[in-house]
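Reader: I would like to learn how to read ligand sites and pockets in a model of this kind. Could we go through them one by one?

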Amino acid sequence: MNDAAPEQWEVVDRYLADHALTYDDPLTDAVAASSAAGLPRIAVSPTQGKLLHVIARACGARRILELGTLAGYSTIWLGRALPADGLLLTIERDPRHAEVARANIERAGVTALVELRVGKAADVLAELASEEVDPFDMIFIDVDLEGTADYFSRSLDLARPGTVIIVDNVVRSGAIIEDTNTDPGIEGMRQFQELIARERRVSATSIQTVGVKGHDGFSIAIVEGS
Ligand code: SAH
Ligand code: DHB
Ligand code: MG
């Protein structure tokens, strides 16, 4: 048990969540089912989930690609942003996570909008490219940090001018700038930052996030016109 007083930013995050969004049963149940199944507690926070939802609606997304389903918490927030004929294709390599996610997605009533592909992100991205699927309007990358630069580059082949790409976990409590930290995931995120610094096909920014998940960040990119 951790009896330490919560950081003020955690309390503030809960306060903001209480004022901006509802905790309805499917969302609450998704988190509970994820914990009960022993899955890691690394889903986006409620305020972050709602942010993804608002961005998806703001860009009028009809087709969303998500890398990293876990128990489907962010999937539900994104799925709820879609029109009735929309598609949310979500990728998860762990069949156990996918099983928990399927039940959560079903409880949330978004099964008809969601295609869950079980496999490694790199493999499924290659599959999608070879299937020549229609471009996605929004892409959310939330898988292993090592592969992020590669997934981002591959995502560009599945995008169109105007597609919004969001990447989670770009700060990791500041580890991103700690030269002594040579963790492969952190190195992967540095490679990703170097990529967006030079990749002319996107215009990007990054924003630190602080709240119930501690200190981390999102990068947000828009694909430029050809
Ligand atoms: N987006 C989710 C959280 C995803 S956690 C949410 O906010 O609710 C990251 C998930 O990605 C885990 O379930 C993990 O099993 C999966 N994952 C990690 N590396 C992967 C890879 N290379 N390909 C596919 N899935 C991967
Ligand atoms: C962690 C958080 C994440 O959002 C994620 O995608 C992976 C790991 C973590 O806090 O360990
Ligand atoms: Mg994440």
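Reader: How many nonpolar, polar and charged residues does the shell around ligand 2 have?

Author: Classes first: Ala, Val, Leu, Ile, Met, Phe, Trp, Tyr, Cys and Pro count as nonpolar, Asp, Glu, Lys and Arg as charged, and the others, Gly among them, as polar. Here the shell around ligand 2 has one nonpolar, one polar and four charged residues, and its members are I42, D142, D168, N169, R172 and K213, where a residue is near a molecule if one of its heavy atoms lies within 4 Å of it. The model is predicted, with local features needing pLDDT of at least 70 and side-chain atom pairs pLDDT 80 or more, while totals for chains, interfaces and linings use all residues. Side-chain values use heavy atoms, without hydrogens and water, residues are numbered from 1 along each chain as its sequence is written, and chains are lettered from A and ligands numbered from 1 in the order in which they are written.

Reader: Which polar side-chain atoms lie close to an oxygen atom of ligand 2?

Author: A polar contact with a ligand is a pair of N or O atoms within 3.5 Å. An N or O atom in the side chain of K213 is 2.6 Å from an oxygen atom of ligand 2, and a polar side-chain atom of D168 lies 3.1 Å from an oxygen atom of this ligand. The protein covers 69% of the 290 Å² of accessible area that ligand 2 has on its own, the areas coming from the Shrake-Rupley method with a 1.4 Å probe.

Reader: What surrounds ligand 1, and how much of its area is buried?

Author: Ligand 1 is surrounded by 20 residues, the closest being G68, E92, H97, A121 and D144. A polar side-chain atom of S74 lies 2.8 Å from a nitrogen atom of ligand 1, and a polar backbone atom of G68 is 2.8 Å from a nitrogen atom of the ligand. Of the 590 Å² that ligand 1 exposes when taken alone, the protein buries 94%.

Reader: How much space lies in the largest pocket?

Author: On a 1 Å grid over the protein atoms alone, a pocket is an open set of points where a 1.4 Å probe fits, with protein on both sides within 12 Å along at least five of seven lines, and lining residues have an atom within 4 Å of a point. The largest pocket holds about 1200 Å³ of space. Of its 44 lining residues, P40, R41, I42, A43 and L70 are the closest to its centre.

Terms used
Polar contact = N/O pair within 3.5 Å; in protein donor to acceptor, adjacent residues only side chain to side chain. Points joined across faces, edges and corners; volume = space filled by probe spheres on them.
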